[in-house]
Amino acid sequence: MQQRFLNDIERLCRVDADGRIVMLSGGVDSFLLLAAVSRLYDASDIEALIIYGIESSDSARAKQAAKFFNVKLIEREVMMGEILDNLSMLKGTQDKSVFQALFRISTEIAFADLNVKGKAIYQGDGADSLYGNSNHFIYMATKEMAAEKFITKDEARDILRAANRRKIMSGSGTGTGKLIGKIIEAHGAIPVQPFISGELEYLLQVPLKCFQGETKKWVKDALINLWGLPVELVRTRKRCSMQDGLGYYKLLNDELKKIYKTQSANAAIKYLCQDN
């Protein structure tokens, strides 16, 4: 199934466009997309966009990947002040969380002075919900479900994983995949998001334990064994969500509660999204 997975990723990355930008982090999912795009197109046609706040090991790993594939690197530093100054961007949106708000604002800021029109923009959102390691809270009912259905805990976790994935794909969750796709389209570019394409759902058949934790060994083994990528480079890819990569998530939570005098930061986001 690993070969099928890589073949599908490569196929889904084959898009007619006037250039290509991979939104790159230090994790394995965007690395996988960059690897696939680099197999399909000349390096001169590819750019890697790194959005960061506080310089971190995540951005260092992203730069390492861009250097390995010899693609042009675009760095966009987003300051905390810029996030706060652009909270008005949330008005009239359906954002439900600080995570979504932070993603929206930082992406809009990064795109502001980039000419992306007609380009394919590759983005790895949705991989974690597909693998089942996006949110440990979805597994809180594992023990109860296992006892109720007379199944193992591993089987119960896979049922809960699939249910969460369906929720994410329906748009009722708090993910950012559809959000970023709309932002990309609004800037005249072509969103390429294989992990929310609906064509990789067969990965739910791969046991959760193959993806758990930061290693995502199943994916990394495929990149090493089937695409021949360097072991050390692949093994050092480490999962890091955008809010962690920017380094502002906790600070923004605190600032929102302080400014808008709410019990939670998400309550402040709800207020900011109101269209009045």
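**Strand pairing and helix packing**

Mentor: Strand 4 (residues 120-122) pairs with strand 5 in the parallel sense, and the pairing runs over three bridges. Within this pair, A120 stands opposite I190 of strand 5. Note that the model is predicted.

That pair belongs to an open sheet of five strands, ordered 3-2-1-4-5, with parallel pairing. Strand 3 (72-77) and strand 5 (190-192) are the edge strands, each pairing on one side only. From one strand to the next, the twist averages 25 degrees.

Next come the helices against the sheet. Helix 3 (residues 57-68) lies across strand 2 (46-52) and strand 3, and its direction is at about 175 degrees to strand 2. Helix 5 (residues 98-111) also packs on the sheet, where it touches strand 1 (20-23), strand 2, strand 3 and strand 4. The direction of helix 5 makes about 130 degrees with that of strand 2.

Leaving aside residues up to four places away in sequence, T142 touches K153, A156, R157 and L160.

As for geometry, the axes of helix 7 and helix 8 (residues 153-170) come within 8 Å and cross at roughly 110 degrees. Helix 7 is therefore roughly perpendicular to helix 8, since 65 to 115 degrees is the range for that term. The crossing of helix 7 past helix 8 is right-handed.

A further helix pair is helix 13 (residues 249-260) with helix 14 (residues 265-273), which pack at an angle of about 65 degrees with their axes 8 Å apart. Here the crossing is left-handed. The contact brings N253, L256, K257 and Y260 of helix 13 against A265, A268, I269, Y271 and L272 of helix 14. Sorted by class, the contact of helix 13 with helix 14 has seven nonpolar, one polar and one charged residues.

How values were computed. Residues are numbered from 1 along each chain as its sequence is written. This is a predicted model: local features need pLDDT of at least 70, side-chain atom pairs count only at pLDDT 80 or more; totals for chains, interfaces and linings use all residues. Side-chain values use heavy atoms; hydrogens and water are left out. Contact means heavy atoms within 4.5 Å. Axes are lines fitted to C-alpha atoms, for helices over the stretch in contact, and angles run from 0 to 180 degrees between N-to-C directions. Helices (H or I, at least four residues) and strands (E, at least two) are DSSP runs, numbered from the N terminus. Angles under 35 degrees count as roughly parallel, over 145 as roughly antiparallel, 65 to 115 as roughly perpendicular and the rest as oblique. A crossing is left-handed if the near helix is turned anticlockwise from the far one by less than a right angle, and right-handed if clockwise. Two strands pair if DSSP finds at least two bridges between them. Ala, Val, Leu, Ile, Met, Phe, Trp, Tyr, Cys and Pro count as nonpolar, Asp, Glu, Lys and Arg as charged, and the others, Gly among them, as polar.
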